[in-house]
2 protein chains.
Amino acid sequence: MKQSMTFIPTLREVPADAEVKSHQLMLRAGFIRQNTSGVYSYLPLAHKVLKKIEQIVREEMDKAGASELFMPALQQAELWQESGRWYSYGPELMRLKDRHGREFALGATHEEVITSLVRDEVKSYKRLPLSLYQIQTKFRDEKRPRFGILRGREFIMKDAYSFHATSESLDEGYQKMFNAYQNIFSRCGLDFRAVIADSGAMGGKDTHEFMVLSDIGEDTIAYSDTSQYAANIEMAPVIDSYEESIGEMEQLEKIETPNQKTIEEISAYLTVEREKCIKSILFKVDDRFVLVLVRGDHEVNDIKVKNLYGATVVDIATAEEVIENVKCVAGFIGPINVKSDIEIIADNAVKSISNGVCGANEEGFHYKGVNLKRDAKIDKYADLRFIQEGDKSPDGEGTIKFAKGIEVGHVFKLGTRYSEAMGATFLDENGRTQPMIMGCYGIGVSRTLAAIIEQHNDENGIVWPTTIAPYQIHIIPVNVKNDSQKNLAESLYNQFIQSGFEVLLDDRQERVGVKFADADLIGLPVRITVGKKAEEGIVEVKVRKTGEAFELAVTELQSKVKQILGNEK
Amino acid sequence: MKQSMTFIPTLREVPADAEVKSHQLMLRAGFIRQNTSGVYSYLPLAHKVLKKIEQIVREEMDKAGASELFMPALQQAELWQESGRWYSYGPELMRLKDRHGREFALGATHEEVITSLVRDEVKSYKRLPLSLYQIQTKFRDEKRPRFGILRGREFIMKDAYSFHATSESLDEGYQKMFNAYQNIFSRCGLDFRAVIADSGAMGGKDTHEFMVLSDIGEDTIAYSDTSQYAANIEMAPVIDSYEESIGEMEQLEKIETPNQKTIEEISAYLTVEREKCIKSILFKVDDRFVLVLVRGDHEVNDIKVKNLYGATVVDIATAEEVIENVKCVAGFIGPINVKSDIEIIADNAVKSISNGVCGANEEGFHYKGVNLKRDAKIDKYADLRFIQEGDKSPDGEGTIKFAKGIEVGHVFKLGTRYSEAMGATFLDENGRTQPMIMGCYGIGVSRTLAAIIEQHNDENGIVWPTTIAPYQIHIIPVNVKNDSQKNLAESLYNQFIQSGFEVLLDDRQERVGVKFADADLIGLPVRITVGKKAEEGIVEVKVRKTGEAFELAVTELQSKVKQILGNEK
């Protein structure tokens with residue numbers, strides 16, 4: 001492509017409202033422009049990268065045995081009413097009426113459409129499993145669109161759905177999709193983790209989020225420094241390696257601790273380590289109250305409390321509820337002499353505290369010399385805390401580290417959530433009617449584009465991985481008014497195109513400094529500068545990633561460029 | 001693709017509500033399913049064809065120097081208010097509000113978005129011309145969606161826009177697009193005409209519609225039987241080859257013609273040929289009245305009347321307006337002794353009538369022996385009628401024939417309609433601010449898919465042109481439980497895929513009659529049946545288009561299939 005013919009409006013300044021690197025660079029390098037909050041136009045360079053990501057997605061989906069189709073964005077309200085989501089989805093679902101007053105949702109996702117489609121056509125186990133996907137624009141009216149196309153209101157997604165006769169078949173389909181996702185994000189040049197995630201209210205069993213590691217991510221991932229283990233921080237179990245203290249027990253002693261409410265305050269006031277303090281928090285678990293204990297240096301993971309009780313809602317008790325239930329203000333409560341009959345549960349790590357400190361259930365007082373085995377009645381020890389950096393990895397291999405992640409993909413065992421609600425059934429081998437068992441699998445295609453830039457940039461601009469660069473080669477004649485430079489540049493341009501490369505030729509009448517700055521911003525893997533030595537048949541090659549630059553005779557150019565690009569063409 | 005793995009829900013019956021062939025076949029062959037009125041899902045086979053059409057469109061657009069981008073479907077109302085179309089577009093434009101109550105249009109077309117995008121970035125003639133396109137879903141709330149995806153409410157379009165500094169540059173860009181369209185529709189295997197169309201209220205000069213010839217088309221095309229000439233019937237000029245009558249003039253005679261109002265009635269009543277009758281119709285042209293005469297066998301083309309006067313609105317006068325203006329009821333009015341001072345214009349063909357018949361401006365009476373030169377005052381003779389089959393082609397080559405057409409593409413010189421309304425200006429070489437001159441160019445991608453099927457089918461199903469068939473080869477093992485058939489079919493399947501063909505393997509456990517019927521419905525160019533002679537290495541090849549079928553040794557298969565497919569791979 002000749003640069004004079006296409007549309008790459010680069011900017012010298014960093015746009016004021018762009019907070020994150022990918023957003024800034026996509027604006028500066030002329031990849032996107034905002035139309036309105038959370039809604040963007042993808043300009044030609046971005047479009048080319050999107051097509052490459054889509055192609056990778058297609059190849060891997062096809063390999064995984066999925067067939068591509070294309071469903072509508074306009075979805076009649078009746079379908080969403082069947083699944084119940086018309087009422088539960090909330091304001092993120094964009095809604096409209098047609099000229100006859102009939103209501104529609106703008107596709108935020110396609111479970112309803114695909115389930116109705118398959119329900120109407122597939123009646124027998126003989127036609128299962130079936131795996132279908134599409135790449136399509138989705139609409140979600142985000143409350144706070146931000147970070148450019150990382151969290152927009154109109155974005156491009158790949159969504160796949162699988163239908164199975166048995167849960168074993170779903171397991172197989174899920175694993176195929178999981179593997180396809182690993183391939184897709186690897187081929188996109190991303191540093192990512194497949195993270196065990198919360199299956200939430202869906203009641204699904206298995207679910208993984210594919211997280212691109214990045215400081216701007218909104219989720220915290222706990223991962224092993226040596227194995228493949230990674231989980232959303234709420235989901236990571238902590239291995240119980242704590243032994244009950246067997247040392248000499250000091251005497252239990254109530255001491256005055258005026259206004260010392262937090263662990264930090266108490267540990268400083270009594271000059272005792274935080275891990276010797278017992279943090280006691282009253283939780284409301286559905287409709288009962290439970291006192292939960294963790295070590296002072298740990299945090300309660302309420303999802304674990306919820307799972308322990310199989311509860312629906314778990315919340316920290318309010319100040320009023322604390323006073324009402326344990327007759328003491330928060331900050332001074334503890335497991336000893338609790339003035340009511342509530343259950344007390346403790347994280348496994350609490351077992352190991354000897355001669356510790358805890359609230360005395362009396363305002364302004366704590367106990368020290370606490371040994372719970374002797375001094376209190378703990379109903380249950382369990383894994384109740386958030387994992388921490390430095391903990392052992394739950395798979396037994398290596399040590400846990402934390403990272404922030406951008407979710408780019410999600411694989412999910414839906415089960416029969418939609419097939420039961422919408423009557424998507426089939427006759428099994430014994431002629432019995434069964435609901436289809438479903439999986440769903442999403443990839444944020446446009447978000448992946450931003451995530452790649454987030455991981456591949458330097459102070460001068462984007463640094464594209466060769467696999468998804470909009471073009472592989474940027475040819476820059478220093479002076480287009482000089483005939484030998486112009487002609488050599490054009491002849492190289494044509495030669496490279498004929499050899500199957502994608503090439504951008506900067507044929508603009510601009511100062512070479514502007515061209516170089518734009519080239520660095522745009523970030524194509526190889527830059528070829530045609531300057532004063534054009535007449536001698538010598539050009540300069542610069543590798544964007546390493547910054548390495550050298551002169552080369554044009555006769556050696558093709559083989560060298562091929563080598564640099566890793567023979568990927 | 002193995003048929004057991006994908007989703008091709010064929011139907012034996014013709015769906016009751018599908019009126020046209022392409023709609024019936026797309027439903028029966030499992031290409032589409034309706035979600036709701038005018039909204040469809042494209043199932044895997046249709047999706048594959050869409051991708052092929054899109055690929056052809058991309059290649060030709062790129063060759064024409066256009067760059068691909070991707071604009072949003074959500075378009076803020078403010079943009080449409082700037083162009084004025086928020087108010088003028090009517091109920092076809094789907095509108096919605098976001099969670100903050102802000103108004104949006106769902107992209108029915110993208111003139112506003114692209115004009116604002118280019119306006120903000122392009123300031124100098126140096127960056128023009130610029131040609132941009134996208135392939136994208138469009139939304140138009142058709143009053144009466146029909147014919148399946150031929151006229152839907154959500155459909156796929158390619159829309160291109162070009163921006164120019166001069167009208168010469170626009171002419172050049174228009175011609176490039178015109179040529180690209182010729183290539184695109186030819187490569188899609190379509191029998192089409194580039195038809196001169198009405199530029200309508202846009203005030204554009206040149207506009208062509210690309211019409212696929214089909215009896216179900218909603219537009220009538222007048223085309224030459226020997227040249228490339230084709231025009232929308234309203235747009236075709238009629239060559240004036242009429243000579244004034246010089247024969248002997250009969251005497252003018254008023255005769256009683258009670259209740260004989262129409263040309264048909266008069267010509268029967270007086271036993272005179274229709275071409276001897278003068279049809280007189282009163283028109284309201286903006287705010288004046290004009291009497292328009294055509295020969296009894298011709299029809300007034302009101303667009304020609306409109307263009308003659310440079311008028312905005314042209315309508316046939318109402319019964320009341322006729323009485324008020326010519327003091328006679330319609331059916332008996334004529335050019336002789338008109339009882340008011342209105343202008344009388346006549347189509348060129350009227351010149352040649354000698355001793356004709358016309359209304360006498362008196363209820364129940366006509367004149368015969370009419371010779372206008374002698375009996376009336378005609379203000380002007382001009383081309384005022386619709387062209388007819390058998391007329392000379394306006395380009396002087398051949399004779400006019402009529403055909404019905406489905407509009408699949410449209411190229412249009414927009415001029416400065418949007419750039420002026422939205423302030424898309426640039427500085428010309430002299431530093432003067434000028435509005436950009438624009439062109440727009442659309443292709444109905446999903447409609448093209450239906451149009452291809454409309455032209456390529458027989459009584460058994462679709463007959464795909466090789467260039468856009470979803471797969472080129474359909475391999476059918478007669479009995480998948482027979483190992484040699486199954487193994488040979490799979491081995492041929494793998495061999496053809498490795499040679500770069502696209503192959504569908506019917507590995508379903510179905511009766512062979514069902515498989516053959518489905519194969520004919522789906523309509524892939526070459527069918528290979530693996531039956532009883534599998535063990536001898538002999539299969540049957542059937543060419544879908546010709547019906548030709550023959551046995552062949554598998555050793556000769558690849559070269560024969562390549563030959564059949566016209567070496568297009």
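Q: Is Cys358(A) buried or exposed?
A: The cut-off comes first: buried means under 20% relative accessible area. Cys358(A) has 1% relative accessibility, so it counts as buried. Keep in mind that this model is predicted.

Q: What about Cys277(A), buried or exposed?
A: Cys277(A) is also at 1% relative accessibility, which makes it buried.

Q: How many disulfides does a search of the whole structure find?
A: A disulfide is a covalent bond between the sulfur atoms of two cysteines. Here the search over all chains finds zero.

Q: What rotation superposes chain A on chain B?
A: Two copies of a chain are related by a rotation about an axis and a shift along it. Here the rotation is 180 degrees and the shift is 0.0 Å, with an RMSD of 0.1 Å. The copies are therefore related as by a two-fold rotation axis.

Q: Which residue of chain A comes closest to the rotation axis?
A: Leu96(A) does, with its C-alpha at 2.7 Å.

Q: Through what surface do the copies meet?
A: Through the same surface, because 100% of the interface residues of chain A are also interface residues in chain B.

Q: Which domains does the assignment give for chain A?
A: Domain 1 is 47-73 + 107-237 + 402-453, domain 2 is 253-382, and domain 3 is 471-564. In chain A, the C-alpha centres of domain 1 and domain 3 are 41 Å apart.

Conventions:
Residues are numbered from 1 along each chain as its sequence is written. Chains are lettered from A and ligands numbered from 1 in the order in which they are written. This is a predicted model: local features need pLDDT of at least 70, side-chain atom pairs count only at pLDDT 80 or more; totals for chains, interfaces and linings use all residues. Side-chain values use heavy atoms; hydrogens and water are left out. Copies are superposed by least squares on the C-alpha atoms of residues with pLDDT of at least 70 in both. Contact means heavy atoms within 4.5 Å. Domain bounds come from an automatic or database domain assignment. A disulfide is a pair of cysteine sulfur atoms within 2.5 Å. Buried means under 20% relative accessible area, exposed over 50%, partly exposed in between (1.4 Å probe, protein chains only).
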